[in-house]
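This report is meant for a reader meeting the structure for the first time. It follows a few residues and strands and describes what surrounds them.

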Amino acid sequence: QVQLAESGGGLVQAGGSLRLSCAASGRTFSSSSSYAMGWFRQAPGKEREFVAAISWSGDSTDYADSVKGRFTITKDNAKNMVYLQMNRLEPEDTAVYYCAPARASRSRWSSVPEYDYWGQGTQVTVSS
């Protein structure tokens, strides 16, 4: 059983920052699971899209082009937490943000079907 709980969203002005947190429980953080953790977002009327992902060990990351240089994904296996630091936020970043685990190779991290479990998400709203 996997449970995910995202938090940290809110309303921020363009150019501001937010730090999202994802608390994960279950087998995703066991040393034998090799699960990567991803962040996705979904804006109203749009499909869910990849934002960032990190390997189980934390030594490999991947980002969508739209957030490179602005967002940073990190994790703390001891606390079963994944974080997304979002800087220089833009109105286009407005969406519900989700974290999810995936047992996939790095080349597949950006693919939504690779992720089986989703939390409720946390709303991020960036005003212009």
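In this predicted model, a disulfide joins C22 to C99, and by the rule applied here the count comes to one disulfide. C22 lies in strand β3 and C99 in strand β9, so the pair ties together parts that are 77 residues apart in sequence. The link of C22 and C99 is right-handed, with 60 degrees about the S-S bond. C22 counts as buried because its relative accessibility is 0%, under the 20% limit, and C99 is likewise buried, with a relative accessible area of 0%.

Two contacts between side chains can be set next to each other.

| Pair | Kind of link | Distance |
|---|---|---|
| C22 and C99 | disulfide | S to S 1.9 Å |
| S60 and R106 | polar contact | 3.0 Å |

S60 lies in the loop between β5 and β6 (61–63), and, leaving aside its neighbours within four places in sequence, S60 is in contact with A53, I54, S55, R106 and W109.

Strand β3 (residues 18–25) also runs antiparallel to β1, to which five bridges join it, and within β3 the residue A23 is the bridge partner of A5. On β1 (residues 3–7), L4 and E6 form the covered face, whereas Q3, A5 and S7 form the uncovered one.

The largest nonpolar core has 36 residues, and those with the most contacts inside it include W39, F71 and I73. At least two residues of this core come from each of β3, β4 (36–42), β5 (49–54), β7 (71–76), β8 (81–86), β9 (95–102) and β10 (122–127). Not counting residues up to four places away in sequence, I73 touches several residues, among them M37, W39, A52, Y63 and L84.

Conventions:
Residues numbered from 1 in each chain as written. Predicted model: local features only at pLDDT ≥ 70, side-chain atom pairs only at ≥ 80, totals over all residues. Heavy atoms only, no water. Buried < 20%, exposed > 50% of the residue type's maximum accessible area, 1.4 Å probe, protein only. Helix = DSSP H or I, 4+ residues; strand = E, 2+ residues; numbered from the N terminus. Pairing = 2+ DSSP bridges. Core = buried A, V, L, I, M, F, W, Y, C linked by side-chain atoms within 4.5 Å. Contact = heavy atoms within 4.5 Å. Polar contact = N/O pair within 3.5 Å; in protein donor to acceptor, adjacent residues only side chain to side chain. Disulfide = S-S within 2.5 Å.
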